[in-house]
Amino acid sequence: MKTNRIVILFSLLLAACQGAAPSADEVSPEPTQITALPVASDPAPSATALPPTATPDLTAACKLPVSAATGVALGFPRLADRLPSTGTVRATVLFVDFDDAPAGLSPQDALSYISPGAEEVFTQMSTGRLDLQLEPHLTWLRLSQPSSVYGESLTTYEGHRDFIQEAVDLADAEVDFSQTDLVIVLANPSAHRVPYGPTFTGFPGAGLYADGAEILNGITSGFDLPDWGHLWLNHEMGHSLGLPDLYAYNPESNAHRFVGGWSLMGWIHGRAPEYFAFERWMLGWLDDDQIVCHTDGEIAIELTALESEGGAKAVVVPLSATRALVVESRRALGQDATLIEVGALVYVVDTGIYSGEGTITVLPHPGNEPFKYDAPLAAGESLEYEGVTVTVLEAGDQSDLIQISIAP
């Protein structure tokens, strides 16, 4: 089976009447359906295959536009105020404690919670395209207020900004911030009144200031840092890169009902923390020629495992101006090494939905497993959603041969 082989299939019906995927308004959102099919060792096309040069470049049709931005957002182009997603990112790391919660460990020990693990994760997931350079100022900076004040400050834009700005001001005499892309403030992890560590996504004119520069991206840690470890930074810095949260802000019965344990932007401790192919494409970690944009008829393509380098990584089928169905291949590799069920993962991206409200939903929804680890399709299985049928024709150790059919 050749890597990256693409076979475009056209039926006789399509020759008479070209169709398109129905819009969300035209289709009632019925539950998805999985059907087991016979596995063919060498599926034959139903019509003469066209050469790749006969396929128009439809990539732009699959680059869904940003339409629900709150400092973070899925879609193209990526928000300009966020960090560079390729090349070197310089992050100044500061360490703070409080009169009522003095640090009982060294700055080096605090740094070990995130480094070198976070840098290694970004190097692996970006295949070397993102080089995170942590530049620590290894001294504890004593903030002026009780720790509870800073815990409360996390709930507002201005309060969080001022928290980071105070740390920057205390360090400014000894630290050059002129080339800083990101400020990371590690709070004493024993300060339980600073319960969690969010991301500051700033806007021009209301950012952080030091050494003549305005810095629009910052992160602070909290009491939960030891529980999360270095993946905490990979999640929070995902926001600094522009990615939204994929877990539910309104948890109802299940805070992880949208993507379960898939992607670091969902559950940090999930079995499948590798960023989705759509997220990587948006970040520039996948090239346009690694994404197959399919808008009509039938196509078969071999997708290589997302966690490996090279090859076609995803098929994207537009459903509307802001929605698309995406198929990628996942294996127990890289950060996904503990996956039990592997195969073709199918999900819906909606750039018209805000962070925490379901910008990505893994299909089938709802599934039989609370963290959706049973979602991947195996060889011979098929899934239908809004007139698009995804079938796994063959499955290899690190690839899936996928057929996508759009109803006329």
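**Reading the model**

Guide: Buried means under 20% relative accessible area, exposed over 50%, and partly exposed in between (1.4 Å probe, protein chains only). Thr 338 sits in the loop between strand E13 (323–330) and strand E14 (343–350). Its C-alpha lies 5.7 Å from that of Arg 271, although the two are 67 residues apart in sequence.

Visitor: What should I know about the model and its numbering?

Guide: This is a predicted model: local features need pLDDT of at least 70, side-chain atom pairs count only at pLDDT 80 or more, and totals for chains, interfaces and linings use all residues. Residues are numbered from 1 along each chain as its sequence is written, and side-chain values use heavy atoms, with hydrogens and water left out.

Visitor: How many helices and strands are there in the chain?

Guide: The chain has nine helices and 18 strands. Helices (H or I, at least four residues) and strands (E, at least two) are DSSP runs, numbered from the N terminus. Of the 408 residues, 53% count as buried. Contact means heavy atoms within 4.5 Å. Among contacts with a separation of 6 or more, 71% join residues 24 or more positions apart.

Visitor: How do I read a sheet?

Guide: Strands of a sheet pair through backbone hydrogen bonds, either parallel or antiparallel. Two strands count as paired if DSSP finds at least two bridges between them. Here, five strands form an open sheet in the order E4-E3-E5-E9-E6, with mixed pairing. Strand E4 (130–142) and strand E6 (199–201) are the edges, each pairing on one side only. From one strand to the next, the twist averages 20 degrees.

Visitor: How many bridges join E5 to E9?

Guide: Three bridges join strand E5 (residues 182–187) to strand E9 (residues 217–220), and these strands run parallel. For Val 183, the bridge partner in E9 is Gly 218. Helix H8 packs on this sheet, touching strand E3 (87–97), E4, E5, E6 and E9, and its direction makes about 150 degrees with that of E9. Axes are lines fitted to C-alpha atoms, for helices over the stretch in contact, and angles run from 0 to 180 degrees between N-to-C directions.

Visitor: Why is H8 described as largely enclosed?

Guide: Ten of the ten residues of H8 are buried, so the rest of the structure largely encloses it. Among them are Trp 232, His 235, Glu 236 and His 239. Gly 242 follows H8, and its phi is positive, near 110 degrees.

Visitor: How do I read an aromatic pair?

Guide: A pair of aromatic rings is described by the distance of the centres and the angle of the planes. Rings of Phe, Tyr and Trp (its six-membered ring) pair if their centres lie within 6.5 Å; planes under 30 degrees apart count as stacked, over 60 as edge-to-face and the rest as tilted. This structure holds 15 such pairs. Tyr 275 and Trp 285 are stacked, because their ring centres are 5.8 Å apart and their planes at 15 degrees. Tyr 275 lies in the loop between helix H8 (231–240) and helix H9 (277–283), and Trp 285 in the loop between H9 and strand E10 (291–293).

Visitor: Are Tyr 275 and Trp 285 buried or exposed?

Guide: Tyr 275 is buried at 0% relative accessible area. Trp 285 is buried too, at 2%.

Visitor: Which residues form an aromatic cluster?

Guide: Trp 262, Trp 267, Phe 371 and Tyr 373 form one cluster. Phe 371 is partly exposed at 23% relative accessibility, whereas Tyr 373 is buried at 13%.
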